[in-house]
Amino acid sequence: MTFANQGWTRALLGALGFLSATNVLGQDTCNGRSEYCTRSYSNITFVGSHDSAFVGDLPTQNQNLNVTAQLDLGIRYLQAQTHKSIGDDSVLELCHTSCLLEDAGPLSDFLGTVKSWLDGNPDEVVTLLLTNGDSVDISVFGDTFSGVDGLVNYIYVPSSQPLAIGDWPTLGDLISAGTRLIVFLDYGANTDTVNYINDEFSYYFETPYDVTDSSFSNCSIDRPPGASAEGRMYIVNHFLDVDILGVDVPDRDAAGTTNAATGDGSIGAQADECEALYKVNPNVLLLDFVDQGDPLGAQTSLNGLS
Ligand SMILES: *[C@@H]1O[C@H](CO)[C@@H](O)[C@H](O)[C@H]1NC(C)=O
Ligand SMILES: *[C@@H]1O[C@H](CO)[C@@H](O)[C@H](O)[C@H]1NC(C)=O
Ligand SMILES: *[C@@H]1O[C@H](CO)[C@@H](O)[C@H](O)[C@H]1NC(C)=O
């Protein structure tokens, strides 16, 4: 059986529910490692790309690599800001605070890029965390997703909302079922209307963002305000800003140190601080400039692998 056929067979059998418990067809690797095949999604640490769509060397841009190159590098968690397009409220654009400041194109193009990448990489699970800066109605997100041919079929739909932290499938289960894309939205999700876009803050809490202290020593719960850590996964905002004339911009020069695996202010150092507080490692560490430092080395070691 060819590789492509195996993927197709897995998707079919997965859809019929045959492969939920075991890997009958022998999933060799999941996100590059056999160990992740049997690990629950909620027990894996992912390094993620913050503002993944803002690519370039301007102060409003957070990444050097485009989204396909980030995925090719090994990043499996993409965060992106959405806003209403100027002049057309029914179109979602990837803009930085405002579409006048930075417009990285329509959300539909970004989703198409992710969909194509999933087509070509059958053993990979990817997560999208979108923000809804203009409080656009969830139906517009639904229309945008369903407008990308074949995309929605890839999206994992939890069996209940919110799914309990211990009930998340393993990466092997997700791959077997062919549901290899997980989607969260920060504000405005409504799973009664669009069942595959999960409410971020029912599942996660986040540490403070727009951090300008390079020691990254603050793991407090910033959002949702007053939330309990109990029962939630968590996202650590590990990207450093520098204040230029009162405006916070990504600290590009510090990225090598910020994104190091170990050392003062590194990914590993902040993960250790947060782990001491919450007794588990972060589920996600969002980073600017994912091509700098050693994000994937940090991810491997936070997952207890070498
Ligand atoms: C993304 O980056 C890669 C590597 O630099 C490049 O080969 C590719 O053409 C880029 N894709 C787009 C759509 O710009
Ligand atoms: C950590 O960040 C929060 C903002 O979310 C702030 O209220 C708190 O004072 C900070 N703690 C320290 C020790 O800086
Ligand atoms: C996964 O579980 C192990 C063992 O309990 C724990 O040490 C680790 O922190 C957990 N990681 C996450 C992201 O939950």
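Is C37 buried or exposed, judged by its relative accessibility? At 5% relative accessibility, C37 counts as buried. Buried means under 20% relative accessible area, exposed means over 50%, and partly exposed lies in between (1.4 Å probe, protein chains only).

This is a predicted model, in which local features need pLDDT of at least 70, side-chain atom pairs count only at pLDDT 80 or more, and totals for chains, interfaces and linings use all residues. Residues are numbered from 1 along each chain as its sequence is written, chains are lettered from A and ligands numbered from 1 in the order in which they are written, and side-chain values use heavy atoms, with hydrogens and water left out.

## Disulfides

A disulfide is a pair of cysteine sulfur atoms within 2.5 Å. By this rule the count comes to three. The table lists them.

| Disulfide | S to S distance | Torsion about the S-S bond |
|---|---|---|
| C30 and C37 | 2.1 Å | 105° |
| C95 and C99 | 2.0 Å | about 90° |
| C219 and C274 | 2.0 Å | about -80° |

The link of C30 and C37 is right-handed. C30, the partner of C37, is buried, with a relative accessible area of 0%. The disulfide of C95 and C99 is right-handed because its torsion is about 90°. C95 is buried at 0%, and C99 counts as buried at 12%.

The torsion of C219 and C274 is about -80°, so that disulfide is left-handed. This pair links distant parts of the chain, 55 residues apart. C219 sits in the loop between β8 and β9 (233–237), and C274 sits in helix α8. Helices (H or I, at least four residues) and strands (E, at least two) are DSSP runs, numbered from the N terminus. C219 is buried at 4%, and C274 is buried at 0%. Counting bonded cysteines along the chain, the disulfides follow the pattern 1-2, 3-4, 5-6.

## Aromatic pairs

A pair of aromatic rings is described by the distance of the centres and the angle of the planes. Rings of Phe, Tyr and Trp (its six-membered ring) pair if their centres lie within 6.5 Å; planes under 30 degrees apart count as stacked, over 60 as edge-to-face and the rest as tilted.

How many aromatic pairs does the structure hold? It holds 14. In one of them, the rings of F184 and Y204 have centres 4.9 Å apart and planes at 70°, so the pair is edge-to-face. F184 lies in strand β6 (residues 181–185) and Y204 in strand β8 (residues 204–206), so the pair ties together parts 20 residues apart in sequence. Both F184 and Y204 are buried.

The rings of F205 and Y278 have centres 4.9 Å apart and planes at 65°, so this pair is edge-to-face. F205 lies in strand β8 and Y278 in helix α8 (residues 267–278), so the pair ties together parts 73 residues apart in sequence. F205 is buried at 0%, and Y278 is buried at 19%.

Ring pairs also link a cluster, with Y41, F46, Y77, Y156, W168, F184, Y203 and Y204 as its members.

## Helix α4

Which residues of helix α4 (residues 138–146) are buried? They are I138, V140, F141, G142, T144 and F145. Their cover includes β2 (77–85), β3 (88–96), α3 (107–120), β5 (126–132) and β6. Contact here means heavy atoms within 4.5 Å.

## An exposed residue

L245 lies in the loop between β10 (241–244) and β11 (247–250). L245 is exposed, with a relative accessible area of 84%.
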